[in-house]
Amino acid sequence: MAMKRYLLGVDIGTTSTKAVLFNRSGKIECQHAVEYPLHTPVPGAAEQDPDEIVKAVKTSIRETIKNSKINNEELMFISFSAAMHSLIAVDKEAKPLTNSITWADQRSEPWAKKLKEGNGHQIYLRTGTPIHSMSPLSKITWLKNDHTDLFNKTYKFISIKEYVFKHFFGEYIVDYSIASATGLFNLENLKWDQGAIEAAGITENQLSTIVPTTHKVQGLNQELAEELGIEMDVPFIVGANDGVLSNLGVNAIEPGVVALTIGTSGAIRTVTDQPVTDPKGRIFCYALTDKHWVIGGPVNNGGMVMRWLRDEMCQDEVKEAKQLGIDPYDVMTEKMTKIAPGSEGLLFHPYLAGERAPIWNANARGSFFGLGMHHKKEHMMRAVLEGINLNIYTVLLALEEIIGIPEKIHATGGFAKSAVWRQMLADVFNQELQIPESIESSCLGAVVLGLYALGEVEDLSVISEMVGTTVSNKPNQEQVNVYAELIPIFIRLSRLFEEDYDTIVSLQQKYK
């Protein structure tokens, strides 16, 4: 019998699904990703085709196994990570009545607001999911009230990972972790929360069976196993959500260690040994296992704001990069380094896509403040990057009220490739920033959870042996002092603008 030497992590993300094959020491052997579009058919919508994602999952697994050239008998298991907050309404035949409605969809915002004005805060304290348009609780409430016919036809409300497992194994199951991000899951008893279910207007039978994140499923049918290039009895570990697995994948599971992730969006998280919520409702609490809970806050506006800057303000830099054969972001950040920290008194609030933590306002909008005749485009470019980082720091400030000042910050995501961005974060946070060698943190976290699920390791601390060497950025005290002056202004302005966000959004909608 071949030795089970390889572990496959699959991350079902917002823009792509990626399969990464690791060996037992955590080294990447092979990987494959399949992208898919985000559909925005009407204002506020952000949907994906669930069948297209199932196809992407199959393709990413098949191509990774095929290209690795391993003997399929050597594959120990496949473990899953998935983006949070997706919602699909399906009928009795498991056919989708909707697309997969992603976390970025804002159409349920009016109903989220109504929930907030009612008993929403009490639901949050029990479920750990802030009341916001991102949550399935808000989305289901929206469907019930604004799309009643569709709502009445719905047999189950499920997430994209549940849809994949239903397709593979014919059963509706949801792990603690994905369930804990719905706004419908009680953190204390690990069951569906009756108050939240009543608020959504559904029954428990319309939701999947809840299982631990270590739950194992086996028994693919022969046709599907052959399509994937794996054996029929390979264990599938249901896994967890991408956020909590990213914490595990960057070795941020010990007390006092905070994980920072910046991709399209961003988040700051830390692990506790019991559920924790915030009396002010600013942070989430999601499950990793029944003994590990991840608390923190997500931001909508990470790398997507830099992409907006590139596409809308930096066409000259894009042309220059093309001539030099380098990444446009490298040209952009090089020009930013010629501007002093603080952008000579120019601040940018990066709320281009509304905002989640810490203000939880889908109608928040971006703004420059302090713009003067002495400012040039390069000042605005640097202010945009600083605004992203200052905003993320405000989430850490909220988290610090609960856990205290962190001892270490481990960071990952696409931003980590930029030395300028890394150093700016270290300066804004006034703490050393450590960057693990592997940026595939969610997939690595998934396979470590898989090892734990199968009893191959005693606990999750084995990640420290697998995460690889790190690089670090230490704060520059002179630059720390500049940002320390700007941070209170940044926070105060966001509070002052809050009462006018709804007004400006109403005005903007007249132009659509």
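**Strand pairing and aromatic contacts**

Visitor: Which residue is the bridge partner of Ser 16 in strand 3?

Guide: The bridge partner of Ser 16 in strand 3 is Glu 35. This is a predicted model, in which local features need pLDDT of at least 70 and side-chain atom pairs pLDDT 80 or more, while totals for chains, interfaces and linings use all residues. Residues are numbered from 1 along each chain as its sequence is written, and side-chain values use heavy atoms, without hydrogens and water.

Visitor: How many bridges join strand 2 and strand 3?

Guide: Seven bridges join strand 2 (residues 16-23) to strand 3 (residues 28-35), in the antiparallel sense. Pairing requires at least two DSSP bridges; strands are DSSP runs of E (at least two residues) and helices of H or I (at least four), numbered from the N terminus.

Visitor: What about the turn, and which residue there takes a positive phi?

Guide: Four residues separate the strands in this hairpin, and Gly 26 has a positive phi near 95 degrees.

Visitor: Turning to the rings, how many aromatic pairs are there?

Guide: The whole structure holds 16 aromatic pairs. Phe 168 and Phe 236 form an edge-to-face pair, with centres 5.8 Å apart and planes at 85 degrees. Pairs of Phe, Tyr or Trp (six-membered ring) have centres within 6.5 Å; planes under 30 degrees apart are stacked, over 60 edge-to-face, the rest tilted.

Visitor: Where do Phe 168 and Phe 236 lie in the chain?

Guide: Phe 168 lies in helix 6 (residues 160-169) and Phe 236 in strand 14 (residues 236-241), 68 residues apart.
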